Amino acid sequence: MKIKKAKRDVVVVGGGPAGLAAAVSAKKEGAPQVLLIERGRVLGGILNQCIHDGFGLHRFKQALSGPEYAQRFIDDLESLSIDVMLNTMVLSLDGERRLLVSSKDGLMEIEAGAVVLAMGCRERTAGALMLPGSRPTGVYTAGVAQTLINLQNIMVGQEAVILGSGDIGLIMARRLTLEGAKVKGVYEILPYASGLPRNIKQCLEDYQIPLHLATTVVELHGSSRLTGVTVSRVDEARRPVPGTEEFIPCDTLLLSVGLIPENELSREAGVQIDPTTGGAVVDDTLMTTVPGIFSCGNVLQVHDVVDDVSEEAESAGAHAARYAMGRMSPADTYVQLRAGKGIRYLLPQKVSGQMDFVLSARVTEPMENKALVLRDQNGKGILRKKKIRLHPAVMVRVKVDRDRLKGANRIEMGVE
Amino acid sequence: MRKTLVCVICPNGCHVEAEVQERGGRLEVLEVTGALCKKGERWVRQEVVEPLRTISSSVLVEGGDFPLVSVRTDSPIPLDSIFRVMDEVKRARVRAPVSIGQVIISNPAGTSCNIIATRMVNPA
């Protein structure tokens, strides 16, 4: 079989919010040939099914729905005449930035000057939870239910229980209610909600949907269709507390229990993965540990706000373009960044000190009236940000001026 | 009387406190604290008197490359009118092509909003 061959300056893998912004930015930075590869039949990725509003508040100063937000970038992409391959799967990627892609036209090998990974993430499924009980139909991940209801006009059930208080679960609680289903309750194993506070208010409280914290589903019932679930309180170690079980009749269980960055391609290319984020280890240009391969969006770290994804992807796209055009001078030394007290992770994991950058972080638990403090290897304070409220559900994004890094070779961020 | 509310305007989700007083059967907001922006302050003043929300849903499309078009209200509507508006949204049909911003229903359930399309649907 003859395989077609092609060369491109920048190849972006994934046509969701991150890929769209990265491709547009790479082109604007001056990369002559930018190619965007998307496995689905339309661009926009997850935004197509996120029909609720609230996207673009930061960027466009408007509360857009997901499809509207995506369309703004698709319009930019078209006006810049960026090449797009739809219905196309990247089968492999190696450390020399060679991609093997499959489309209805057959296989193609593409040599890329730089690659931007923007594959997004997938949902943690029922199988990963190892729920005791039967295996009836009626158990969906929240995102699959969202696809069925919002894009395919298929109603998933009439009486639902939602496990996990992530944003998609909360959004779906409201969506099911508006579509006439009864949502019996949202159950969260942690002692606090995982979703944004505004979604607790406008998706649950507005519709009197109860949120049960430190409670989880411990058994599924039903032979062909789900007939109910047993829920139980859990202790601090998240173990079910005997005697607190309650049977909740329902025909539908939605799972909103976490997202997993889809890094199979990244691993194959030899990209080092951070075990905490599940995404690539990157520097301040968002370049991974493999030269010329960049990462952004939910495949890099799971975001809560799409505006942040776009910002991150624009940075990755611009740096990828500069790399492809030979305009990036590699750093000879890096300042290492470390998560200190109260911080679950920091991103980027290392910085060159040559440019200003945005530091992303998540805290380990909800906290009030604290400060986020950056200190160098000698304990000297570099940056201090007061925060009235810190919550694991809300990603912290801090702009760091490169001048503040002078003399540092290791930086730690902690909550004080 | 003091009320604590979570602002729904943006992902900050400010916990806002409002000093509220009842006068002649109507609630009146005397003071708002804890909002990080002016919009949030306005939102609280409105929320105490009459909560407003934007809602999103989808409408059946005839002859399109997608079976549904996503829609939303173009301005916030009273919280207690949502289910009446949804009844009209559920009954609506639209023929492809549909463009972003196209008005699908005007003034549903007597509200002053329009239901507008939020995605493009091409003819099949």
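**View 1. Helix 8 of chain A, residues 306-324, has 19 residues.** From its first C-alpha to its last, helix 8 reaches 26 Å, close to the 27 Å expected at 1.5 Å a residue (the expected span is 1.5 Å times one less than the number of residues; helices are DSSP runs of H or I with at least four residues, strands are runs of E with at least two, and both are numbered from the N terminus). The model is predicted: local features need pLDDT of at least 70 and side-chain atom pairs pLDDT 80 or more, while totals for chains, interfaces and linings use all residues. Residues are numbered from 1 along each chain as its sequence is written, and chains are lettered from A and ligands numbered from 1 in the order in which they are written. Helix 8 of chain A is mostly covered, with 15 of its 19 residues buried (20 or more other C-beta atoms within 10 Å of the residue's own, C-beta atoms being placed from the backbone). G326(A), with a positive phi near 70°, follows the helix.

**View 2. Chain A is assigned domain 1 (1-123 + 258-330), domain 2 (125-257) and domain 3 (333-416).** These bounds come from an automatic or database domain assignment. The C-alpha centres of domain 1 and domain 3 of chain A are 26 Å apart. Their contact takes 11 residues from domain 1 and 16 residues from domain 3 of chain A (C-beta atoms, placed from the backbone, within 7 Å).

**View 3. Chain B is assigned domain 1 (2-49) and domain 2 (56-117).** The C-alpha centres of these two domains of chain B lie 29 Å apart.

**View 4. Chain B meets chain A through 23 residues of chain B and 24 residues of chain A.** On the chain B side, strand 5 (56-62) and strand 6 (68-73) each supply at least two residues.

Terms used. Contact = placed C-beta atoms within 7 Å. Buried ≥ 20, exposed ≤ 12 C-beta atoms within 10 Å, placed from the backbone.
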